[in-house]
Amino acid sequence: MSDLTYPEEGGTRRRPLPGGYHHLVEEAPLGHGRQVLRAAGEAITTFRMHRAAGTVIRADAPRAEPGVAVDVSLGVGRLRLRAPCRVVWAVAEEDRIGFAYGTRAGHPECGEEAFLAELRADGSVWFTVTAFSRPAVPLTRLAGPLVPVLQRLYVRRLGHTLRRLANG
């Protein structure tokens with residue numbers, strides 16, 4: 001039995017995204033070529049991207065693989081926001097590397113978020129974050145329309161951080 005707080009496990013792999021949630025799809029260019037893809041994929045799947053962006057990550061494995069428990073937290077002191085997750089899928093293909101995690105009990109949102117580096121036909125490498133979520137606790141319900149704005153800002157920070165990491 002899954003400990004996820006939503007029934008659409010793996011929903012970030014499919015289109016359309018599950019209904020009844022706020023949807024987020026953000027893309028950022030990273031550079032060109034297989035070396036950039038490999039470096040980006042390594043930074044994504046080892047949680048280095050998250051950590052370099054200032055996120056505290058505690059995972060029960062060094063690499064994102066299905067089933068790995070991940071505790072994500074942002075902020076400082078009493079303002080630290082804890083977000084328990086579990087990796088629901090991972091991919092390490094010739095042209096795509098990444099993973100998705102889903103929310104567990106105690107997460108302020110309910111849903112799933114995927115982080116993917118992709119080498120496109122023209123040789124460009126792109127970072128894509130795909131997510132579906134809805135508030136799960138009073139604080140995020142109260143924050144209402146501010147939550148998607150904060151999510152987009154966080155994703156843009158991840159993109160800038162990953163671009164730096166992937167281009168050494």
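Guide: Let us start with L81. The model is predicted, and in it L81 is partly exposed, with a relative accessible area of 41%. L81 sits in strand β4, which covers residues 81-92. Who touches L81? Leaving out residues up to four places away in sequence, L81 is in contact with V72, S73, L74 and P108. Now look across the model to R34. In sequence, L81 and R34 are 47 residues apart. In space, their C-alpha atoms are 36 Å apart.

Step back to the chain that holds this strand. The protein chain has four helices and seven strands. Read from the N terminus, the order is β-α-α-β-β-β-β-β-β-α-α. The C-alpha atoms fill a box of roughly 45 × 35 × 30 Å along the principal axes. The radius of gyration is 15 Å, and a compact globule of 168 residues would have a value near 15 Å, so the two agree. Among contacts with a separation of 6 or more, 57% join residues 24 or more positions apart.

Next, the surface. The accessible surface comes to about 8,600 Å². Carbon and sulfur atoms account for 57% of that surface.

Now go inside. Buried residues make up 49% of the 168 residues. In soluble globular proteins, nonpolar side chains tend to be buried together. Here, the largest nonpolar core has 34 residues. Those with the most contacts inside this core are I44, M49, V70, F99, F115, F127 and L162. The largest share comes from α4, with six residues. Apart from this core lies another, of twelve residues, with L4, L17, Y21 and L116 among them.

Neighbours within four places in sequence aside, the contacts of F115 include I44, M49, F99, F127 and L158. T128 is also on the contact list of F115. T128 lies in strand β7, residues 124-135. T128 counts as buried, because its relative accessibility is 11% and buried means under 20%. Beyond its close sequence neighbours, T128 touches V25, E26, E27, A114, F115, L116 and R120.

Most residues other than glycine have a negative phi, and most peptide bonds are trans. F47 has a phi near 70 degrees, a positive value in a residue that is not glycine. F47 lies in the loop between α1 (34-45) and α2 (48-52). F47 is also buried, with a relative accessible area of 0%. The other detail is a cis peptide bond between R15 and P16, with omega at about -5 degrees. P16 belongs to the segment before β1 (22-32).

Conventions
Residues numbered from 1 in each chain as written. Predicted model: local features only at pLDDT ≥ 70, side-chain atom pairs only at ≥ 80, totals over all residues. Heavy atoms only, no water. Helix = DSSP H or I, 4+ residues; strand = E, 2+ residues; numbered from the N terminus. Buried < 20%, exposed > 50% of the residue type's maximum accessible area, 1.4 Å probe, protein only. Contact = heavy atoms within 4.5 Å. Rg over C-alpha atoms; globule rule 2.2 N^0.38 Å. Areas by Shrake-Rupley, 256 points an atom, 1.4 Å probe, with all protein chains shown as cover. Core = buried A, V, L, I, M, F, W, Y, C linked by side-chain atoms within 4.5 Å.
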